[in-house]
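Thanks for coming. I will go through one structure today, part by part, and I will keep to what can be read from the model.

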Amino acid sequence: MQTLLWLVPLPPLIAFALISLFARGKRGLSHWVALVSAGLSFLGSMTLFAWAVGRQDLLENPLAASTNWLPTGGSWLRVGVLLDPLAALTLFFVAWTVLMIFIYSVGYHNYGQPVGAHDLPGLPPHGAELKGAHGKVPSVEPLYARFFAFISLFAFAMFALVVSDNLLVLYVAWEIMGLCSYLLIGFWYARPSARDAAVKAFLTTRVGDMFMLLGMAALYSLTGTLNFREILSNPVVLDTLATTLSPVFGLSWAALIGLLIFAGTIGKSAQFPLHTWLPDAMEGPTPVSAMIHAATMVSAGVFLAARFFPLISAGWEAGQPLTTPMLVMAVVGSFTALFAALIALGQRDIKRVLAYSTISQLGYMVAALGIGAYGAAVFHLFTHAFFKALLFLGSGSVIHGMEHGQLATGDAADPQDMFSMGGLRKKMPVTFLTFLAGALALSGFPLLTAGFWSKDEILSSAFHGNHLIIFIVLALSALVTAFYSMRQVTLTFLGSPRTPSAEHTHESKVVMTVPLVVLAVFAIAAGWFGVPGSFLGLGAFLPNFIGNFLGGTHEAEAGAFNATPLLVSVGVSLTGLFLGWLVHRKQSSPSIDPLKRGLGFVYTALERKFWVDEAYDLVFIRPAKFLAETVTSVWIDRGLLDGILHGIGNFGNWFGRTLRRVIDIPVANGVPDGAAAGARWSGLKLRLTQSGHVQQYLVTSLMLVVLAGLVLLLVLNG
Amino acid sequence: MSAAQVLFILVSTVTLFSAVMVVSVRRMMHAALWLIVSLLGVAVLFVLLQAGFFAMVQVLIYIGAISILIIFAVMLTRQVMSEKIPQLNRGWVAGLVAAGGLMIILAFVFRDFPGSLATTMGDPSAGDVVTLGKALADPNGFAIPFELASILLVAALIGTIYIAMERKGGEQ
Amino acid sequence: MIPLSWYLLVAAALFCIGLFGVLARKNTIAILMGLELMLNAVNINLLAFWSYLHHAQMNGLVFAAIVFAAAAAETAVGLGLIISAYRRRGSVTANDLDTMKG
């Protein structure tokens, strides 16, 4: 079993290597390698899950193994695996969603379709001419194998993150997922908007990751280990951390580290204020949006927070005031939930609505953790993965149909704009039914859908914990959620087609619809495994499987059943659904949104996402650009540094010239020249003695003799 | 003052006067003739020095051959240079000073030379011609210088002939 | 009775006169004549020393004899050279023979 746990993340990694090295350009081979690897990991995960549910005391004795990895002076950093109830549940939904999305991707990227004559790598494919057919047909993605390589790498990272037993391995996997997110958002790299979105995603999550790293460092330096069990299952460690004060704001170390770790969650799970990257990440292909930005990567943020729940809630008991990180989480989560839900109202693009919906639902989970409802949060994470993936894949199916219609008719409408759609329930029935199931789950339609059970549990925990403000905010968000979900369904599927593209859509291929159906089953059925024991009469029939599995040691027992939260949740969901249908059911124009007239200025604020991006641009981006382009590049680099260098260069030049002028030419040239000139001058002068007249020579020599004689005479005699 | 001294002074005066004439007259023929007079005076001095043989040699060789040679040369080159122009060249003052200086130096040297006060000559019987002849032919004597002098004469003659010969056959 | 120094002085005077002639005369033949005077002065000198100081040895005489021979030979050669130079250059002025001019 332990070996299997080690092996689960490996097949996708091997698939990534194989595809990158051997299957580049080969479409069939690459997707088979990817699918087989996803399948192997799936089987491993299911085996482990089955084993895990069969054990009674998984929480106290989880499956664990670790080995030395990096030596650090006296101790080792270790890598290891851990399978406790949280990991087992996460492994279950990750394996299912990954496999379904891999299968779906084969159809989404038009495998089997002809190659487009004008398709360029780096741009989405836009159709191929086919003799005999009118208009164009969809063409296969030029960078098909690359896509499967990247999603395999991503799958490896997600599995590794789920089974890891220490924070270091988790962080490594976390960063690999960030890299894959960047690569996949910018998959169609020839588009400037995609490139910018990829960079934005990476940088924004980096901000969160930076704080998370600080938390990791603090934790390691205080406890000497990063292993989850050694820190989080150890009451002594938790107590010490909770009672020792850190130098920051009078927080305890547990609170500070909890806040820093939560900062990582804010980045990765797109909570306010680091949420801006997620809507722009919709530039990537839809399977990417489904997998990374709905089911798995953003869930990793919540997963991390859930893992660290013992630290975050250290020192807290049910009924007592929340610890600082819990309070921050509750506030941030509930605010984000409402904030994002409102923005979703003003969006026209089908994927953007779902993106904001994801942010909102993640806010729910974060808020749930914040108020101490650990089981409810994890349950919602579990169900959300299924129905959000379903919704994204369904939207991908719709977009595919719209694109096909567009290629066939040559219509200029945006295939992703909901207002260009309409009446698709007749053209794409399977998509319609599965999408509806997902939308109802998202809205929390009572009893039938998984979303109801998980959302209701959060609301009731909020109510029972006396966090009334949070309860009201979350309830309002639920109302808005139901509204925009029904809005989306109505505009897309109900009514009649508003553009020629919508007229000519047809159902997607089986390879795309089967994953939709499978996920729809889970979207409905998954909720029935988490019915709380005290729920009406059903609690007696269906044990609270998930609650029991998770152990429930971290949360308060629900106590007596109270009808208020249930009524509120049911009421809110049905009202929202009804209103959404009511406002948009007679939508006939492809351009005018009735909400605009109704909400006026508020609509503009919603459409403009409350101007958060613009604010960031003003406060962060522009100063950074100024700093980079003007201060450092022009002033410091060119002005100061180049100035110094030019000055040195000029000085060297001047020095050389001066040396030449002062020393070289006068002295080094002058002396030899002078010697030569002197020799010549003296030669010219002495030449006169060579007159050729012998008598003159004689006279000269005789004179010298006489002189010498005189001298001798005087010397000898005197 | 004895007769020898008077004679000596007379002869010396003649010799020196004619020597001065040799170096100062303009006409070359006159200079040659004055040279002959001077050489005669030297011959007389040789006699006074008890070297009668050399007086004869002097007359024969110097006056009889060399002076004739000089007169020949003067006659051969007579047209060339006008005899009306000054015969002393531009640096004659320097020459005069040099010669005068040398004279003065020599005078001082002779004054200090101890042997210069000797007044007696040697025995006239020794140093006669026969002894000279024997010495010249004696291998242990001066035969080699004698032979070398002969060679010198031969070489000089041949050389002169060669130099002075005209290229087209010339005179002998 | 006649001191040696008188002969030496005469010889020296003759020598210097001849030297003056060599240095100061334009005509080459006149220079040769001055040269003759110098050689004669040398001979007087030699014989005077021989006569007063070394009468018994033949050295002085032999030397004087060699000087005679050398003087004769030298005069002959010199005159030959003058004739030759006269033929080539057309002049007997010493200053005209200045091919050594540098």
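Before the first item, a definition: a helix here is a DSSP run of at least four residues, and helices are numbered from the N terminus. One more thing to keep in mind is that this is a predicted model.

Let me start with helix H10 of chain A, residues 253-268. How far apart should its ends be? The helix has 16 residues, and at 1.5 Å a residue they should span 22 Å. In the model the end C-alpha atoms are 23 Å apart, which agrees. After H10(A) comes A:Ala270, which has a positive phi, near 55 degrees.

Next, a loop in chain A. A:His126 lies between helix H4 (85-108) and strand E3 (128-129). Is A:His126 buried or partly exposed? A residue needs 20 or more C-beta neighbours within 10 Å to be buried, and 12 or fewer to be exposed. A:His126 has 15 inside 10 Å, so it counts as partly exposed. What does A:His126 touch, if we leave aside neighbours within four places in sequence? Its contacts are A:Gly116 and A:Asp119. A:Gly116 is ten residues from A:His126 in sequence, and their C-alpha atoms are 7.1 Å apart.

Staying in chain A, here is a pair of helices. H19 covers residues 429-443 and H23 covers residues 510-525; their axes come within 9 Å and cross at roughly 30 degrees. Angles under 35 degrees count as roughly parallel, and therefore H19(A) and H23(A) are roughly parallel to each other. Their crossing is left-handed. On the H19(A) side the contact includes A:Val430, A:Thr434 and A:Gly438, and on the H23(A) side it includes A:Leu516, A:Val517 and A:Ala520. By type, the residues of this contact are eight nonpolar, four polar and no charged.

Now chain B. It has six helices and zero strands, and its pattern along the sequence reads α-α-α-α-α-α. Chain B has 172 residues, and 30% of them are buried. Take the contacts in chain B between residues at least 6 apart in sequence: 48% of these join residues at least 24 apart.

The axes of H3(B) and H2(C) come within 11 Å and cross at roughly 170 degrees. That makes H3(B) roughly antiparallel to H2(C). Among the residues that meet are B:Phe54, B:Ile66 and B:Ile70 from H3(B), and C:Leu32, C:Met33 and C:Glu36 from H2(C). The residues of this contact divide into nine nonpolar, no polar and one charged.

Last, chains A and C. Their contact takes nine residues from chain A and nine residues from chain C. On the chain A side, three are nonpolar, five are polar and one is charged. That is the end of my part.

Definitions and conventions
Residues are numbered from 1 along each chain as its sequence is written. Chains are lettered from A and ligands numbered from 1 in the order in which they are written. This is a predicted model: local features need pLDDT of at least 70, side-chain atom pairs count only at pLDDT 80 or more; totals for chains, interfaces and linings use all residues. Helices (H or I, at least four residues) and strands (E, at least two) are DSSP runs, numbered from the N terminus. The expected span of a helix is 1.5 Å times one less than its number of residues. Two residues are in contact if their C-beta atoms, placed from the backbone, lie within 7 Å. Ala, Val, Leu, Ile, Met, Phe, Trp, Tyr, Cys and Pro count as nonpolar, Asp, Glu, Lys and Arg as charged, and the others, Gly among them, as polar. Axes are lines fitted to C-alpha atoms, for helices over the stretch in contact, and angles run from 0 to 180 degrees between N-to-C directions. Angles under 35 degrees count as roughly parallel, over 145 as roughly antiparallel, 65 to 115 as roughly perpendicular and the rest as oblique. A crossing is left-handed if the near helix is turned anticlockwise from the far one by less than a right angle, and right-handed if clockwise.
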